[in-house]
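Subject: Structure handover

Hi,

Here is the structure I promised to pass on. Have a look at it first, then read my notes below.

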Amino acid sequence: MPSAEIDVSPEVMLTFYRRLYPFKTIFNWLNHEHAPSRLFTHREFAFTLQGDVYLRYQSFNNADELKKQVCQLNPTRFEIGPVYSARPRDKKTIRAGAFSPQVRELVFDIDMTDYDPIRTCCKDAGICKKCWGFIAAAVHVIDSAIRDEFGYEKLIWVYSGRRGIHLWISDKEAMELTDQQRKSLVGWLTAIHPTAKESSKKPNFRFGGKLPPSLQNALQYLKTIFGELILTEQDCFESEEGYEELLQYISDSRTVESLRTKWEDSPSRSSEDKWNDLLRIASSRPNLIPALEDVIIQYTYPRLDAEVSKHRNHLLKAPFCIHPKTGRVCVPLDVTSIDKFDPEGVPTVGQLLQELDAIGREEGAAISHSDWEKTSLKPYVDLLDRHSQGLMDEVRKEKRKDDVSW
Ligand SMILES: [Zn+2]
């Protein structure tokens, strides 16, 4: 909801970049070690300037250079791209064939927009604690699938500042995936195609009547949240439109007719009552169970924006940027407390600057480079620092191995 408090004016943004943005943290996370490597120096940054001017193929030698340029250009936000075979800023002087994306984090994007056909609490840009439940469910499913099925461990989830979430995976093997490999990995995790959301035809998740293993695993978890999220909080089948959607999953027309009559006659039956009606029928007709499982998957399985993940050269907004519409910081999230996360509790840039002002009055106006430590941004920066420490430990271990091996 727009509010007078949201101030993302150039002056506010500049103060944020100068005093609060954790450039060193971002550097460590992208670079995996203290001394600048190609992972940072050959990395593309893209800036969106005031007035929506887009500046691509920027690159920097270190965190200080990045900070200097950000403070000079004062972008509304900036994005992170792949590591190229040469420095992106030299692109114009390099033969076209010699400039190509080499490695980058494997990224995922989940956006509330793709849940608009099923969520009942908010519309359009709105998001609340209730519909965050869809995102939290998606995070659980994708996080475990990535760890258990693909063996990656270096995952960090970042709230987009409005109504979505990004996942960045920094394992060496994940960074080295080709576009083709990314495409098939995403395909493996995709069950619901957002582009097909308007079609009224019921989805087909099964091959020869059986669910693929990825869905089989996810379903065990999704069954545990379906009741609260879909039946209680969203009450998806309360309206006629809602229960007609549900009835599409039942292929036996006599069952459909009798349920429709029952539900028309007692409009006060909640989603939970209606689901229980179905469960009662299924208890004596087990052939109905796959249809009910399909409903659970359709309403709770992650809806991925696959295009974001398929190409190494896709740009994704940097953590700790400010969402221009909400003024909120794009903060990294702890996956173990994702269910309790409240998007409206994330600090806005205005709030952080007020916190700084309050400290300034107490301590006198000494400006330091890591003023974020004194604000409510601290736990989020600490989270990414801890994550980066894991990446750096990995690189150190690798190097030690190389040292001994000769
Ligand atoms: Zn909502």
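What follows is a short tour, from the whole chain down to a few single elements.

Two things before you start. Please keep in mind that this is a predicted model: local features need pLDDT of at least 70, side-chain atom pairs count only at pLDDT 80 or more, and totals for chains, interfaces and linings use all residues. Residues are numbered from 1 along each chain as its sequence is written.

**The whole chain**

The protein chain has 15 helices and nine strands (DSSP runs numbered from the N terminus: H or I of at least four residues for helices, E of at least two for strands). Along the principal axes, its C-alpha atoms fill a box of roughly 70 × 60 × 40 Å.

Of the 406 residues, 35% count as buried. Buried means that 20 or more other C-beta atoms lie within 10 Å of the residue's own, exposed means 12 or fewer, and partly exposed is in between, with C-beta atoms placed from the backbone. Among contacts with a separation of 6 or more, 71% link residues 24 or more positions apart (a contact is two C-beta atoms, placed from the backbone, within 7 Å).

The chain is divided into domain 1 (10-110 + 155-185 + 304-405) and domain 2 (192-300), with bounds from an automatic or database domain assignment. Their centres, taken over C-alpha atoms, are 40 Å apart.

**The core**

Which residues have the most contacts inside the largest nonpolar core? They are Ile135 and Val158, in a core of 92 residues. By nonpolar core I mean a set of buried Ala, Val, Leu, Ile, Met, Phe, Trp, Tyr and Cys residues joined through C-beta atoms within 7 Å. Leaving aside neighbours within four places in sequence, Ile135 is in contact with Ile110, Met112 and Ile165.

**Strand β7**

All six residues of β7 (residues 164-169) are buried, so the strand is largely enclosed by the rest of the structure. Gly164, His166 and Trp168 point one way, while Ile165, Leu167 and Ile169 point the other.

β7 runs antiparallel to β5 (residues 106-111), joined by six bridges, and Phe108 stands opposite Leu167. β7 also pairs in the antiparallel sense with β6 (residues 155-159) over five bridges; here Leu155 stands opposite Ile169. (Pairing takes at least two DSSP bridges.) The hairpin of β6 and β7 has four residues between the strands, and Gly161 takes a positive phi near 95° there.

**Two helices**

In α7 (residues 179-189), Arg182, Leu185 and Leu189 are buried. Seen down the axis, the buried residues fall within an arc of 65°, so they line one face of the helix (the arc is that of the directions from the helix axis to the C-beta atoms). The face turned away carries the exposed residues Gln180, Ser184 and Gly187. The cover over the buried residues of α7 includes β5, α5 (129-150), α8 (213-233) and α13 (306-310).

Helix α2 (residues 23-31) is mostly covered, with eight of its nine residues buried, including Phe23, Phe27 and Trp29. Just after α2, His32 takes a positive phi of about 65°.

Cheers
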